[in-house]
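Here is a note for a colleague who is opening this structure and would like an orderly way through it. The points below are numbered so that each can be checked on its own.

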Amino acid sequence: MSVNVKIPTPMRKIAGDQDSVSAEGGTLRECIDSLEASYPGLKERLCEDGGELRRFVNVYVNGDDVRFLQGLQTPLKAGDEVSIVPAVAGGVGCIFFMA
Amino acid sequence: MTHAKALRCRECGREYPLDSINVCEFCFGPLEVTYDYDAIAKVISREAIANGPPTLWRYHYLLPCDREMAVDIAAGFTPLIRAQNLGEALGLRYLYIKNDCVNPTWSFKDRVVAVASTKAREFGFDTLACASTGNLANSVAAHAAKASMRAFVFIPADLEQGKVLGSAIYNPTVVAINGNYDDVNRVCSELSDKYPWAFVNINVRPYYAEGSKTLGYEVAEQLGWQAPDHCVVPMASGSLFTKIWKGLSELSQLGMISSVHTKMSGTQALGCSPIVAAWEGGTLNVQPVRPNTIAKSLAIGNPADGYYALRTMADSGGYAASSTDEEIVEGISLLAKSEGIFAETAGGVVIAGLKKLVDQGRIDPDEVVVAFITGGGLKTQEAVAEHVKPPLQIEPSVNAFEEALASRSS
């Protein structure tokens, strides 16, 4: 079964310049694996080496944050809309002064 | 001109030109402005700053936009007040209030929007937009008016009336979304992919966030060019918290103040305290929550800068505290009664958190403490309306007055 995945601007290059793509899978994890099969390199943008979602990646299923659902185990059904949205952090850092 | 050099990913270090982007294409990490501090050191001085305007533009050397292009409604350089009465009530000898209610749209958001709107104009945008819990929307609408730009402001539908009206008066398109701030933020993130607008806290966020540094600069200047011992700051996304620290650190590295020993302590409402909860749990992993608090300006359940706020807290040796809605109202009331400053709910969160940190022995009575009051109380009247005494309503006579007074005192 097929779900619709919305791709944010910073990921579009890797997704063939499309703003949404379809993917397969009964869970979010399977959906991401299916995306990786179609668009190699996409999974490492979303997930840490251990497979968990990166800190700055928010994923929503039909508008709900998957961290309030079942994370990567969140079940998907045909026609669901998966949105990938980068967190909007400003950040702070060490200052590289007169390096 | 500006001394900003590039955008750099906070996570992987990749650099990007100064453009209207906010996340790294490779790891989605946040981008931050880098500066040519060598060049800044040659032109900045205490005297040069003192000769500047009584606004945040006196620190233009350290801002990522062109001073000549400034969208200027005179944001910043707000009073730093020695709070002797409140200090006595809490047991602090050197307590100061940074009163950022005294900004053109009555909140600290004028600092970030001054920078973001200036940068948006430099980039050639004709439309400003934002996802907001209210204060930001007010400021974006006002700056857009001043810059003759179009404005779209997106807010949760359950906001206080004062914050809705405080945007509408400047004639932007106000969009009230049936959902909480995190829903508003998600929709705006998606809209920013579709519309060629400057969403101040999304695609121009790296510049926007820099505006908050000016709070750190001002406090240092107003204390006679020294950093305070302790800052107590409200946290929503956590951005302001980290940028005050960055501002102090920059001044120190430029030799404008001596080394920074400031402890940064952050406060949240218990009904939305994901950063405080992570700090208490000893983790840098912020678990998002669904907000439920009267402190709507701080009701961000998924704080984008939470991770960095926790790191700043740890690096500086600061603490975190959260307060119930009841304690927040008491905080607003205490500040008003003792210092004559009427703060919005976020200010109540700060005063209640400050009280808690003192009671817990985490702030020494002799420390120089600055409490950051970031927004004015007339915007959140609902929070305190039932906690103030109604007027004595009388017939126009001395007798009526004295009778009414006697009956209230009895």
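1. Strand E5 (residues 94-99) of chain B pairs with E4(B) in the antiparallel sense over 3 bridges, where two strands count as paired if DSSP finds at least two bridges between them. Helices (H or I, at least four residues) and strands (E, at least two) are DSSP runs, numbered from the N terminus.

2. On provenance, this is a predicted model, in which local features need pLDDT of at least 70 and side-chain atom pairs count only at pLDDT 80 or more, while totals for chains, interfaces and linings use all residues. Residues are numbered from 1 along each chain as its sequence is written, and chains are lettered from A and ligands numbered from 1 in the order in which they are written.

3. The sheet in chain B is open and has 6 strands in the order E4-E5-E13-E10-E11-E12, with mixed pairing. Strand E4 (80-82) and strand E12 (320-323) of chain B stand at the edges with a single partner strand each, so one side of each has no neighbour in the sheet. From one strand to the next, the twist averages 25°.

4. Two helices of chain B deserve attention here. Helix H10 (residues 239-253) of chain B packs on the sheet and touches strand E10 (230-234) and strand E11 (263-269) of chain B, its direction making about 155° with that of E10(B). Helix H12 (residues 306-316) of chain B also packs on the sheet, touching E11 and E12 of chain B, and its direction makes about 140° with that of E11(B). Axes are lines fitted to C-alpha atoms, for helices over the stretch in contact, and angles run from 0 to 180 degrees between N-to-C directions.

5. The domain assignment, which is automatic or from a database, divides chain B into domain 1 (4-71 + 109-208) and domain 2 (80-106 + 212-387). The contact takes 27 residues from domain 1 of chain B and 28 residues from domain 2 of chain B, with two residues in contact if their C-beta atoms, placed from the backbone, lie within 7 Å.

6. Between the chains, 26 residues of chain A are in contact with 34 residues of chain B. The largest share of the side of chain A that touches chain B, 3 residues, comes from E5(A).
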